[in-house]
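Good morning, and thank you for making time for this presentation.

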Amino acid sequence: MMSTDDGRLATRSGLRGSSGGILAALVFGALLCALLGAPLGTSPAVAQTAASVPEAGSGATPPAAAAPVSPFDTAPADAAAPPAEAANPPPGITNALLASALPRDLSPWGMFLNAVLPVKLVMLGLAFASLATWTVWLAKTLELWNAKRLARRGFEVLASATSLRAAEKELAKQPQQARSPLARFVAAAVGEADRSEGLASEGVKDRAATLLSRIEAQAGRVILRGTGVLATIGATAPFVGLFGTVWGIMDSFIGISKTNTTNLAVVAPGIAEALLATAMGLIAAIPAVVMYNGFARAITGYRAQLGDAAAEVLRHLSRDLDREDFPRKEAAPVVRLRQTVE
């Protein structure tokens, strides 16, 4: 009886000893996992290893603990996939590529060559208008200078002549005066006096004055030729240049919409070409307006000279008619006007 009870007590003591060793092994395994950084309950192999740890004093060797895995040895799952930014490059790269493709020659000739066709046509038209302006200026300057010189010399001949017949002979001696308005004035007055021989002198004067006024108006129209071109260019050239500017800016904005970029380097060449069209319009218009105003003043002075010459011709005609009606007496005294002394 005693032996039986002693055996049971020994068995219970062995069971208690083995259960205490298992609990100690579990606590040791938990501490090991905590030190290694592995969470509890995530790996069933750790619990199985802790459960199979032999009791203290047994000859079995514990299994070696797994080496910790370094986070630098693990490659990310999306390492093979290219980054999302590679498909869509940033705007800075696109703008740099577009800027490198733009023309670098921004001189007036380079901008003309790189402009679109409508802007080129506008620039060519304005260049032709500017050439026409300076051509008209040169031609009208020479024409007005020669016309004023002939009018001045013809008026001197009329003022120094004693009659229309004498003035006609003096003007015929000068080849340049043969087709001048003053020579036509004298020829018209003499012809009207010859055709009206025997008629009243007042009617002759009126008919001669009408004829001289028409000759003067015709000479004024002749000297005005070419100035209408200057007026047209001065009035329309700025608007033609503005049309080229609008077209160039519109083409630049269309280029912005196609390239999907707002870089100023994309817009700058087109705007520069457009502004060049406006500059050429002003270059053609401003000299044309200045020249037209100068020619208008010069032509007004020339027509005043023609008016003085026509008046001098009428005075000679009136004297000649009065001499025929009232012959000069030989003994008639010459009465001179006295100057008033203030």
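I start with Lys173, which is exposed, having a relative accessible area of 61%. Here, buried means under 20% relative accessible area, exposed means over 50%, and partly exposed lies in between, with a 1.4 Å probe and protein chains only. This is a predicted model, in which local features need pLDDT of at least 70 and side-chain atom pairs count only at pLDDT 80 or more, while totals for chains, interfaces and linings use all residues. Residues are numbered from 1 along each chain as its sequence is written, and side-chain values use heavy atoms, with hydrogens and water left out.

Lys173 meets the side chain of Glu170 in a salt bridge, at 3.6 Å from N to O. A salt bridge is a side-chain nitrogen of Lys or Arg within 4 Å of a carboxyl oxygen of Asp or Glu. Glu170 counts as partly exposed, at 36% relative accessibility.

How many salt bridges does a search of the whole structure find? The search finds eight.

Another of them joins Arg207 and Glu192, whose closest N and O atoms are 2.9 Å apart. Arg207 belongs to helix H9 (residues 201-223) and Glu192 to helix H8 (residues 181-195), so this pair ties together parts that are 15 residues apart in sequence. Helices are DSSP runs of H or I with at least four residues, strands are runs of E with at least two, and both are numbered from the N terminus. Arg207 is partly exposed at 36%, whereas Glu192 is buried at 9%.

I turn now to helix H6. Within H6, Lys140 and Glu143 are three residues apart, which means about one helical turn separates them. They form a salt bridge, with 2.9 Å between the closest N and O atoms. Lys140 is buried at 3% relative accessibility, and Glu143 is partly exposed at 28%.

Finally, the axes of H6 (residues 117-160) and H10 (residues 227-259) come within 9 Å and cross at roughly 160°. Axes are lines fitted to C-alpha atoms, for helices over the stretch in contact, and angles run from 0 to 180 degrees between N-to-C directions. H6 is therefore roughly antiparallel to H10, a term for angles over 145 degrees, with under 35 counting as roughly parallel, 65 to 115 as roughly perpendicular and the rest as oblique.
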